[in-house]
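Work through the exercises below with the sequence and the model in view. Each task is followed by a solution in steps.

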Amino acid sequence: MAPRPILWMVIPCYNEEQVLPITAPLFLNKLNELAQKGRISENSRVLFVNDGSKDKTWQIICDLAKQDQHYIGICQSRNRGHQNAVLAGLMEARDKCDITISIDCDGQDDINAMDQMVEEYWNGCEVVYGVRSKRDTDTWFKRTTAEGFYKLMNALGAEVVFNHADYRLVSSRVLQHFADYEEVNIFLRGMFPLVGFQSTSVYYERSERLAGKSHYPLKKMLALAFNGITSLSVKPINMIAGWGVIFSIVGILIAIWAIIEAILGNTVAGWASIICVICLLGGIQLISLGIIGQYIGKTYLETKHRPRYIISERTWEENQRHWIEEEKR
């Protein structure tokens, strides 16, 4: 029988002091349950990634690590966003385990879907996407915009799994290759399909947040969506070029028509129509410049090669200092 894989759950946390004491035992129970079934190693861990929280989240993580060796945590030097927090946890885990499962801390994603994810790994899949089967818990506006976003992403040439966020199983072999993707502007749910390897999807129903408030308001969701599109596809640039050709042809035709009308003496005062055309073309030009500017800005950031995350503390280092101080006493 093949050796049981070591699993690390990667859980990003940002100001989660209200929900973390509730969900942490759930994650540990699932870890123990999978180990008792013989599907994963007893050396598996629950890795919390503190994304520069301003509340007591890091203190709670440290306390959990002292209570049970299966709890471990890393702390980023400052808040760098959800995607970078997940990336930091995955890169920390890639050399220490066989598989990772990234999941949010709020308890909305069905933790029991991990059983099927691990089974799919045993069946040979190295990437298993957690996909929402339906969006009944979302408002009409959020459901419509979210589903529209996935459709738009695929239409623009970005390969994303419909209704998949960042709940996924990834093998360490995939992570070793994923580490070669060094871009600063990251959109994980669109980047993992680019790596390849055998993959599948597991479907589950998402529930309400167990405690605390959502850290993804509409503004952040729109920013994530736009970042995903501009990070994974250049099709908007091609669309702008296409619009430019179309409007140039239309402009030439209008100019020819205007000359003919002037020769025939049919010209009339057209201040309103001129203003409308100018405003329309001006708006299109500004939007186009804005989109192009986004790509230029991303290129500027990529050339700097700034670190995508900085880990300032690790619970095992903190515990080691604690044990040394205890021995001195």
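**Exercise 1. Find the strands that helix α4 lies across, and give its angle to β6.**

Step 1. Helix α4 lies across β1 (7–13), β4 (99–102), β5, β6 and β7. Contact here means heavy atoms within 4.5 Å.
Step 2. The helix runs at about 40° to β6. Axes are lines fitted to C-alpha atoms, for helices over the stretch in contact, and angles run from 0 to 180 degrees between N-to-C directions.
Step 3. Helix α7 also packs on the sheet, where it touches β5 and β6, and its direction makes about 40° with that of β6.

The model is predicted: local features need pLDDT of at least 70 and side-chain atom pairs count only at pLDDT 80 or more, while totals for chains, interfaces and linings use all residues. Residues are numbered from 1 along each chain as its sequence is written, and side-chain values use heavy atoms, with hydrogens and water left out.

**Exercise 2. Give the order of the strands in the sheet and name its edge strands.**

Step 1. Two strands pair if DSSP finds at least two bridges between them.
Step 2. The open sheet has 8 strands, in the order β7-β5-β6-β4-β1-β2-β3-β8, with mixed pairing.
Step 3. Its edges are β7 (199–204) and β8, each of which pairs on one side only.
Step 4. From one strand to the next, the twist averages 25°.
Step 5. As an antiparallel pair, take β5 (residues 127–132) and β6 (residues 164–171), joined by 4 bridges. Here V128 stands opposite L169 in β6.

**Exercise 3. Where is D166, and what does its side chain contact?**

Step 1. D166 is in strand β6.
Step 2. D166 counts as buried because its relative accessible area is 6%.
Step 3. Its side chain makes a polar contact of 2.9 Å with the side chain of Q83, and another of 2.7 Å with that of R168. A polar contact is a pair of N or O atoms within 3.5 Å; within protein, one must be able to donate a hydrogen and the other to accept it, and residues adjacent in sequence count only if both atoms are side-chain atoms.
Step 4. Leaving aside neighbours within four places in sequence, D166 is in contact with H82, Q83, S102, I103, L188 and R189.
Step 5. L188 and R189 are among the buried residues of α7; in that helix (residues 188–195), 7 of 8 residues are buried.

Conventions: Buried means under 20% relative accessible area, exposed over 50%, partly exposed in between (1.4 Å probe, protein chains only). Helices (H or I, at least four residues) and strands (E, at least two) are DSSP runs, numbered from the N terminus.
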